[in-house]
Amino acid sequence: MSSPPSLPISNAQSNPSATTSSQSQPPIATPAFRAFISRLTSSLRHGFSQRRPWTELLDRNNMSKPETLTEAYSRIRKNFNYFRVNYVTLIAIALALSLITHPFSLLVLIGLLASWFFLYLFRPSDQPLVLFGRTFADRETLGILVVLTVFVIFLTSVGSLLISALMVGLGIVCAHGAFRIPEDLFLDDQEPASAGFLSFLGGAASSAAASAAVSRV
């Protein structure tokens with residue numbers, strides 16, 4: 001009795017070179033991106049550690065109408081130096097609420113930021129950008145992203161939404177600063193001259209620039 005015919009079985013062995021080539025490099029420079037996130041988190045944590053108590057910010061006993069514009073300006077300047085982290089938080093909340101209530105603008109802004117991160121800032125320098133079968137140089141990628149940013153910010157509703165939310169936040173901050181009575185601790189020489197409204201974000205911005213420069217090397 002003849003044995004049943006055996007089915008042909010192809011034992012395909014994986015080619016190491018093909019496997020290596022199929023596994024493309026990650027679309028983002030992971031070490032630089034992690035360093036950027038770490039430095040940004042540290043800078044924000046350090047900045048928010050300098051915020052004043054919200055009960056002190058909202059103390060109704062220290063509220064009064066300024067008599068003159070000069071007094072209002074003086075109060076705003078001193079309150080800016082003391083409550084600057086709280087004021088930045090209020091402006092950020094105004095921007096966040098404005099974007100949350102407009103999901104389309106939020107998605108467009110997230111897509112724009114993701115394009116900058118993944119296509120230019122943290123893309124490995126040895127991995128060229130290839131779209132639709134065409135390879136783009138760094139200058140071409142930067143030019144396209146700049147044009148796209150100008151279009152999104154100035155020619156769509158995203159720019160007007162951000163500006164209006166920023167104006168609302170600044171209006172709230174200026175109103176509080178004008179009506180909040182400064183106390184004896186509001187001295188001009190208390191804060192260093194370099195401490196400004198957004199000074200605590202300077203470390204995060206410099207970290208972002210340093211990380212981006214490292215990723216482009």
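I started with the secondary structure of this predicted model: the chain has 8 helices and 2 strands. Going along the sequence, I read the order as α-α-α-α-α-β-β-α-α-α.

The chain has 217 residues, and 27% of them count as buried. I got an accessible surface of about 14,400 Å², with 68% of it belonging to carbon and sulfur atoms. For contacts, I took pairs at least 6 apart in sequence; 85% of those join residues at least 24 apart.

Then I looked at helix 5, which covers residues 103-121, 19 residues in total. From first C-alpha to last, helix 5 reaches 25 Å, close to the expected 27 Å at 1.5 Å a residue.

Which residues of helix 5 are buried? I noted S105, L109, L112, S115, W116 and Y120. Their arc around the axis is only 115°, so they sit on the same side of helix 5. A reminder to myself: an α-helix has 3.6 residues a turn, so residues three or four places apart point the same way. On the other side of helix 5, I found P103, F104 and L107 exposed.

Last stop was T89, in helix 4 (residues 69-100). Is T89 buried or exposed? Its relative accessible area is 16%, and the cut-off for buried is under 20%, so I logged T89 as buried. Leaving out residues up to four places away in sequence, I have T89 touching F48 and W54.

Definitions and conventions. Residues are numbered from 1 along each chain as its sequence is written. This is a predicted model: local features need pLDDT of at least 70, side-chain atom pairs count only at pLDDT 80 or more; totals for chains, interfaces and linings use all residues. Side-chain values use heavy atoms; hydrogens and water are left out. Helices (H or I, at least four residues) and strands (E, at least two) are DSSP runs, numbered from the N terminus. The expected span of a helix is 1.5 Å times one less than its number of residues. Buried means under 20% relative accessible area, exposed over 50%, partly exposed in between (1.4 Å probe, protein chains only). The arc is that of the directions from the helix axis to the C-beta atoms. Contact means heavy atoms within 4.5 Å. Accessible areas come from the Shrake-Rupley method with a 1.4 Å probe; for residues, only the protein chains shown count as cover.
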